[in-house]
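We will go stop by stop.

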Amino acid sequence: MRSPALKFSKSSYSGRDVNCVEVAHIPTNFRKSSYSGQGVNCVEVGDLPSGAAIRDSKHPDAGYLPFSAAEWATFLRAAQL
């Protein structure tokens, strides 16, 4: 199942009428939350073409959780309350 926050596109090496591998941008620009203290591990956020992704800074190789733009905006509004 595809994540709603990842935009997949057909490989340029696929033929017009052939189903093949699809690829998606994986964020590499994760940055530490501005609410984290110095020297404290926390949540990191990375930009996706259609939203954002978060990961645990203590375990960056464990993967990330992607969110669509609408989900991310809802989260940010709720976090500001």
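**Ground rules.** This is a predicted model: local features need pLDDT of at least 70, side-chain atom pairs count only at pLDDT 80 or more, and totals for chains, interfaces and linings use all residues. Residues are numbered from 1 along each chain as its sequence is written, and side-chain values use heavy atoms, with hydrogens and water left out.

**Stop 1: the whole chain.** Show the cartoon. The protein chain has one helix and six strands; these are DSSP runs, helices (H or I) of at least four residues and strands (E) of at least two, numbered from the N terminus. In sequence order the pattern is β-β-β-β-β-β-α. The accessible surface comes to about 6,300 Å², and 56% of it belongs to carbon and sulfur atoms; the method is Shrake-Rupley with a 1.4 Å probe, and for residues only the protein chains shown count as cover. Of the 81 residues, 23% are buried (buried is under 20% relative accessible area, exposed over 50%, partly exposed in between, with a 1.4 Å probe and protein chains only).

**Stop 2: the sheet.** Select S3, S4, S5 and S6. They form an open sheet in the order S3-S4-S5-S6, with antiparallel pairing; two strands pair if DSSP finds at least two bridges between them. S3 and S6 are the edge strands, each pairing on one side only. S3 and S4 (residues 43-48) are joined by two bridges. Look here for arginine 31, opposite valine 45 in S4. S5 and S6 pair over four bridges. There, isoleucine 54 faces leucine 65 in S6.

Stay on S6. Which residues lie on its covered face? Pro66 and Ser68 do, while Leu65 and Phe67 are on the uncovered one.

**Stop 3: the salt bridges.** Show charged side chains. There are three salt bridges, each a side-chain nitrogen of Lys or Arg within 4 Å of a carboxyl oxygen of Asp or Glu.

- Select arginine 55 and glutamate 44: 2.6 Å, N to O. The pair links S5 to S4, 11 residues apart. Glutamate 44 is buried at 14%; arginine 55 is partly exposed at 22%.
- Select arginine 31 and aspartate 47: 3.3 Å, N to O. This one links S3 to S4, 16 residues apart. Arginine 31 is partly exposed at 39%, and aspartate 47 is partly exposed at 37%.
- Select lysine 58 and aspartate 56: 3.3 Å, N to O. Lysine 58 is partly exposed at 48%, and aspartate 56 is partly exposed at 29%.

**Stop 4: the aromatic rings.** Show Phe, Tyr and Trp. The whole structure holds three aromatic pairs. Rings (for Trp, the six-membered one) pair if their centres lie within 6.5 Å; planes under 30 degrees apart are stacked, over 60 edge-to-face, the rest tilted.

Select phenylalanine 30 and tyrosine 64. Why is this pair tilted? The centres are 6.1 Å apart and the planes stand at 55°, so the pair counts as tilted. Each residue sits in a loop, phenylalanine 30 between S2 and S3 and tyrosine 64 between S5 and S6, so the pair ties together parts 34 residues apart in sequence. Phenylalanine 30 is buried at 14%; tyrosine 64 is partly exposed at 26%.

Finish on phenylalanine 67 and tryptophan 72. This pair is tilted, 6.0 Å centre to centre with 40° between the planes. Tryptophan 72 is buried at 18%, whereas phenylalanine 67 is partly exposed at 22%.
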